[in-house]
Amino acid sequence: MSIDVNNESGREIDERAILDIARYALARMRIHPLSELSVIAVDTDAMEQLHRQWMDLPGPTDVMSFPMDELRPPSKDDDEPPQGLLGDIVLCPEVAAKQGAEAPTEHSMDEELQLLTVHGVLHLLGYDHETPGERAEMFGLQAAIVDGWRAERGLTGPSPAPTIT
């Protein structure tokens with residue numbers, strides 16, 4: 001799996017954890033091991049510009065996903081997953097820090113960035129949360145992936161609760 005993590009935010013972030021959880025999420029979703037992903041952390045000004053340009057919404061947001069090849073998880077265990085370019089995930093550490101501090105289960109900026117990375121991966125794979133059914137499916141997968149990753153690393157305490165609405 002080729003995953004690039006670039007921090008252009010001006011804040012100190014745990015790039016290794018972002019790389020690890022992205023790799024874990026893609027493996028869990030059975031994405032071809034030669035597929036490519038880019039994760040970029042930006043400041044609030046850059047995120048606000050992207051949010052306005054692509055969503056026509058004001059202010060910065062926490063995460064945005066820009067799919068390339070529209071890869072999807074294979075439908076059966078014996079299907080060969082396709083290889084390709086997944087796309088880009090853009091994270092905003094400043095927004096993540098605020099969300100983590102305000103979450104019902106308060107957590108760190110890095111924990112929020114890990115959750116948002118998984119959220120971004122799922123969006124790249126075609127998942128969404130517009131309807132109650134889609135939300136239940138996506139957030140259930142998101143929780144299972146984050147919890148599984150944390151358990152493999154022996155991390156204790158509650159996993160971050162989704163702050164994305």
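**View 1. The crossing of helices H1 and H5 in a predicted model.** The axes of helix H1 (residues 15-28) and helix H5 (residues 132-152) come within 10 Å and cross at roughly 120°, where axes are lines fitted to C-alpha atoms over the stretch in contact and angles run from 0 to 180 degrees between N-to-C directions. H1 and H5 are therefore oblique to each other, a word kept for angles that are not under 35 degrees (roughly parallel), over 145 (roughly antiparallel) or 65 to 115 (roughly perpendicular). Helices are DSSP runs of H or I with at least four residues, and strands are runs of E with at least two, numbered from the N terminus.

**View 2. The residues between H1 and H5.** Contact, meaning heavy atoms within 4.5 Å, is made by Ala17, Asp20, Ile21, Tyr24, Ala25 and Arg28 of H1 and by Ala144, Ile145, Val146, Gly148, Trp149 and Glu152 of H5.

**View 3. The one aromatic pair of the structure.** The ring centres of tryptophan 54 and phenylalanine 66 lie 5.7 Å apart with their planes at 70°, so the pair is edge-to-face (centres within 6.5 Å make a pair, using the six-membered ring of Trp; planes under 30 degrees apart are stacked, over 60 edge-to-face, the rest tilted). Tryptophan 54 belongs to helix H2 (residues 44-55) and phenylalanine 66 to strand E3 (residues 63-67), so the pair ties together parts that are 12 residues apart in sequence.

**View 4. Exposure of tryptophan 54 and phenylalanine 66.** Tryptophan 54 is exposed at 52% relative accessible area, whereas phenylalanine 66, at 19%, counts as buried (buried is under 20%, exposed over 50%, partly exposed in between, with a 1.4 Å probe and protein chains only).

Residues are numbered from 1 along each chain as its sequence is written, and side-chain values use heavy atoms, with hydrogens and water left out. In this predicted model, local features need pLDDT of at least 70 and side-chain atom pairs count only at pLDDT 80 or more, while totals for chains, interfaces and linings use all residues.
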